[in-house]
Amino acid sequence: MALTTADGLRLRAEWLDRPPSSPTDRPTVVLCHPHPLHGGNMHAPVIDALFRALPEQGAPTMRFNFRGVQGSDGRHDQGNRERFDVLAAIDEAYDRRPRTPVRLIGWSFGADLALSVPHPAVDGWLAIAPPLRVISPAEMPAGSDERPAHLIIGEHDAFRSASEARDLTASWANTTIEELSEADHFFAHSLPQLVDAVVSQITAT
């Protein structure tokens, strides 16, 4: 499938619906992938694992490639116009399930982008290993919003530790930080634990 951004680009995207017998009260999920200039795309391991796991929990899920990535039009814009990409994905997800809130989830670069995009359909943000430097935390709309933002950061994340994230988000309105034991930024050996942590957030509502 394809998304169309406000500045006229077509982005490659995929949608996976829930099984017919699954709960119907879960939010719709939009997944934002890691940094395009470092191999990030919508099939990156964390994004792929969540794309497969969340629909099984009753949360239809969309993933997409940012501009300039594997079949998406345009070129990388350092996290600026990529916000149009996230908005296009939210719009499409909401059109598919009207009146159902959207949970915005991102990993690394995608986490910073997610926290930087406000949208009335979003009921909260879940940021996995956000570097909190692609965009300044002071400029992230999630920080001043009463809707919840939940950050999951590995104990051994080399790009932004949980303690540093707590300092940077100390003034944020409704934010919680979860440190995942033994995990690093890439969750190579902690992927099941990460998926469980995300699923817990999605099924708690």
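In this predicted model, helix α1, made up of residues 45-56, lies across strands β2, β3 (28-32), β4, β5 (102-107) and β6 (122-128), and runs at about 160° to β4. Helix α2 (residues 82-96) also packs on the sheet, where α2 touches β1, β2, β3, β4, β5 and β6, and the direction of α2 makes about 150° with that of β4.

**The sheet**

- The sheet is an open one of 8 strands with mixed pairing, and its strands follow the order β1-β2-β4-β3-β5-β6-β7-β8.
- Strands β1 (2-4) and β8 (175-180) form the edges, since each of them pairs on one side only.
- On average, and with direction ignored, neighbouring strands of this sheet are turned by 25° against each other.

**The pairing of β2 with β4**

- Strand β2 (residues 10-16) and strand β4 (residues 61-64) run antiparallel and are joined by 4 bridges.
- Within this part of the sheet, W15 stands opposite M62, a residue of β4.
- A salt bridge brings together the side chains of E14 and R63, with a distance of 2.8 Å from N to O.
- Because E14 lies in strand β2 and R63 in strand β4, this pair ties together parts that are 49 residues apart in sequence.
- Over the whole structure, a search finds 13 salt bridges.

**The largest pocket**

- The largest pocket has a volume of about 340 Å³, and of the 16 residues that line this pocket, those closest to its centre are H35, H38, S108, F159 and H185.
- By residue class, the lining of the largest pocket divides into 9 nonpolar residues, 6 polar residues and 1 charged residue.

Terms used. Residues numbered from 1 in each chain as written. Predicted model: local features only at pLDDT ≥ 70, side-chain atom pairs only at ≥ 80, totals over all residues. Heavy atoms only, no water. 1 Å grid on protein atoms, 1.4 Å probe; cavity = no way out; pocket = protein on both sides within 12 Å on 5 of 7 lines; lining within 4 Å. Points joined across faces, edges and corners; volume = space filled by probe spheres on them. Nonpolar A, V, L, I, M, F, W, Y, C, P; charged D, E, K, R; others polar. Pairing = 2+ DSSP bridges. Helix = DSSP H or I, 4+ residues; strand = E, 2+ residues; numbered from the N terminus. Axes fitted to C-alpha atoms, helices over the stretch in contact; angles between N-to-C directions. Contact = heavy atoms within 4.5 Å. Salt bridge = Lys/Arg side-chain N within 4 Å of Asp/Glu carboxyl O.
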